[in-house]
Amino acid sequence: MSRIENLLTAMTLEEKIGQLNMITANYAVTGPIVAGDSTEGIRAGHIGNMLNLWGAEPARRAQRLAVEESRLGIPLLLGFDTVHGQRTIFPIGPAEAGIFDERVWESTARMAAVEAARDGLSMAFAPMIDVARDPRWGRMAEGPGEDPYVASRMAVAKVRGFQGADLAASNAVAATAKHFCAYGAALAGRDYASVDISERTLREVYLPPFEAAVKAGAAAIMPAFNDIAGVPMTAHVALLRDWLRGELGFEGVVVSDYNAIAELMNHGIAGDIAEAAALALKAGVDIDMMANAYTNGLPVALERGLVSMEDIDRSVRRVLRLKERLGLFDDPYGRGVPVPPDARTGVEQRALARDVAHRAVVLLTNNGVLPVSGKVRRVALLGPLADARGDMRGPWYGAGYEKDPVTILEGLMAGLPGVEILHVPGVDIAGGDASGIPDALDAGRSADLVVLAVGEAANMSGEATSRAHPGLPGCQADLVEAVLGLGKPVVVLLSSGRPLMVSSIVERADAVLATWWLGTEAGHAIADVLTGKHNPSGRLSVTWPREVGQVPIFYGERPSGRPANPADHYTSKYLDVPVEPLFPFGHGLSYGRFTLQNLRATPPALPRDGEILVEVDVVNEGTTDGEETVFLFIHDPVASVARPLMELKRFAKARPKPGATKTVRFSLPVAELAFPGLDLKPVVEPGVFEVLVGTSADRQKLLRATVKVFAD
């Protein structure tokens, strides 16, 4: 008999339920409930998993209680929200996604896994792969942006990075793909709100990233807080049990989000905690995070016949199997390296953080004021984000060292030696006090260049931070307006977790950059871009609206029977703003000049089991080294179901030297042109397909070719 079966035979009901119970370590990060002393619960076998416990020594002490002082000696699973870094903090999700480089995505997850394992952890509640198309939703800051293909590729890269080649290795942690699913489609962009979308949208947009994560070997899945059309994800049998476990064959662990099982009562589908526990367990949720629903509810549910011992054993097996895969039974203390109290991020980690961060900066506009000219002798650095060390970490900074992040002020002082930096905040991020604006204007008048560091505070994005008006909070807009009136060259740096509604600023500033929150090396990375040490290469992973009334907005919309036409009143448009976004998906400028030429798609006709070769020449017509991102979209203009105007199928980087040409080649199997047909089953329909290649989702600037797929 196997170790797991031997343990199951020896376990009491309380010990079995203990393996399905996850509690927090004395403080809560993600919710309102704070656990008390867990020592006796671990010793009694009533707690089999913990979160928010990090650091080698605390982790070892907790593990020792389970392994050496409980009856069966089953090790703990220790999890933490290592969303965009553990100790070394990398750019937030939309910023990192905008690098469009899977090697980068994997490398940051690998570093995070190494650091998390050193902190004694064995599970990361990441990657966050929710597709998000509404900037009102604060958790857009955690994820990969608006596109399901990007989210899918990011899911694969992150799972590889977190789990490595061997999940039992001392530097590997279990990846938990979250939040399953459609969390980013919350009603009105309001966190935790209901979701009501078609099954087609579910299958085309929100499920593919999770399918990719499962196929990449993700060890765990976390259901989202939301319901879909009245069925909460924590109890969604059709998706958790039938699709995830049945259709995909997922055999890993499903761990609830914080208190989510108990919240089934708030959703109105469970009358008491026993019913809530039964619904979640029957749907396939193995671990109850911080609701005590399984501890308090499963014994009652068992007595009522709502669940069976077989249901409980099934989940216990999955939890024990994960602990076995992680090597916890063989070496429960294999993870965990003590860190000195005054530890800071190391040289190697900082080098990676800086490289990733400056590649994530998006140059939105530039009239030639950047890179900073050597003639500039005095810079006025204004705005509340200029010296905001903590905010540079973003909203979900894990165990990142508080004093580690480099501020924008520090970055510019280091990046512009010999240049006088006049730093005046002017206003607070969100306050109503504008009394500092005159001092900021005085500094601006005496400077050769003004750099405005404005945006959100980090805690204005992330969980439970929906914003109905996602513009510049507080008096920042007044500061910007006043500075723009000086007639000086002005560069605006936007630190945020979402696109901000700043169209009037974009129209007037000399340059605008989306600097998001870049993490540990934020200030140095921004200085690298402003000074030209790094030629900006970041691209937008989300469509940037002009006004909040345009949201949700994304490039992959379906065609209308009455497409927008300014000359025709009865078409799909607005009366007060253009239909087009402020910036399209994929937008981003550089200090060089790249052009795409000579698109080829061959063969011109092929069967459904064929493969399309797409080639395009990228020419560096400038005098600067840099890189261009090339996107391959397709469009099926005539199908049984109206298809999106564009669907992203590939992306790649090209780095031709000045004056040189680089040919980018994409191989695209015809099978990837499939879509859910009228019966929602994948189908490739014969016909003519458009192949669209460009540097963004601006349809007016794309190169076009066609291929014909014929019936077998």
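A definition to start with: axes here are lines fitted to C-alpha atoms, for helices over the stretch in contact, and angles run from 0 to 180 degrees between N-to-C directions. Please keep in mind that this is a predicted model.

The helix pair is α16, residues 408–415, and α20, residues 522–531. Their axes are 7 Å apart and meet at an angle of about 45 degrees. The crossing of α16 and α20 is right-handed. On the α16 side, the contact is made by Ile 408, Gly 411, Leu 412, Ala 414 and Gly 415. On the α20 side, the residues are Gly 523, His 524, Ile 526, Ala 527, Leu 530 and Thr 531. By class, this contact has 6 nonpolar and 5 polar residues, and no charged ones.

I will take the second largest pocket, which holds about 1,200 Å³. It is lined by 38 residues, and those closest to its centre are Arg 203, Glu 204, Pro 208, Lys 649 and Ala 674. Among the elements that give two or more residues to this lining are α8 (199–206), α9 (208–215) and β21 (647–654). The most comes from α7, with 5 residues. The lining of this pocket divides into 20 nonpolar, 15 charged and 3 polar residues.

Turning to cavities, how many of 30 Å³ or more does a search of the whole structure find? There are 7. The largest cavity has about 120 Å³ of space. Val 83, Met 128, Glu 142, Met 154 and Lys 158 are the closest to its centre, out of 16 lining residues. Helix α7 comes up again here, giving the largest share of the lining, 4 residues. The lining of the largest cavity has 10 nonpolar, 3 polar and 3 charged residues.

The second largest cavity has about 90 Å³. Its lining includes Glu 15, Gln 19, Ile 42, Arg 71 and Leu 76. That lining divides into 6 nonpolar, 3 polar and 2 charged residues.

Last, the loop residue. Ala 671 sits in the loop between β22 (661–669) and β23. Leaving out residues up to four places away in sequence, Ala 671 touches Arg 608 and Val 684. Glu 611 is 60 residues away from Ala 671 along the chain, and their C-alpha atoms are separated by 8.2 Å.

Conventions
Residues are numbered from 1 along each chain as its sequence is written. This is a predicted model: local features need pLDDT of at least 70, side-chain atom pairs count only at pLDDT 80 or more; totals for chains, interfaces and linings use all residues. Side-chain values use heavy atoms; hydrogens and water are left out. On a 1 Å grid over the protein atoms alone, a cavity is a set of points where a 1.4 Å probe fits but cannot get out, and a pocket is an open set with protein on both sides within 12 Å along at least five of seven lines; lining residues have an atom within 4 Å of a point. Grid points are joined across faces, edges and corners, and a volume is the space filled by probe spheres set on the points. Ala, Val, Leu, Ile, Met, Phe, Trp, Tyr, Cys and Pro count as nonpolar, Asp, Glu, Lys and Arg as charged, and the others, Gly among them, as polar. A crossing is left-handed if the near helix is turned anticlockwise from the far one by less than a right angle, and right-handed if clockwise. Contact means heavy atoms within 4.5 Å.
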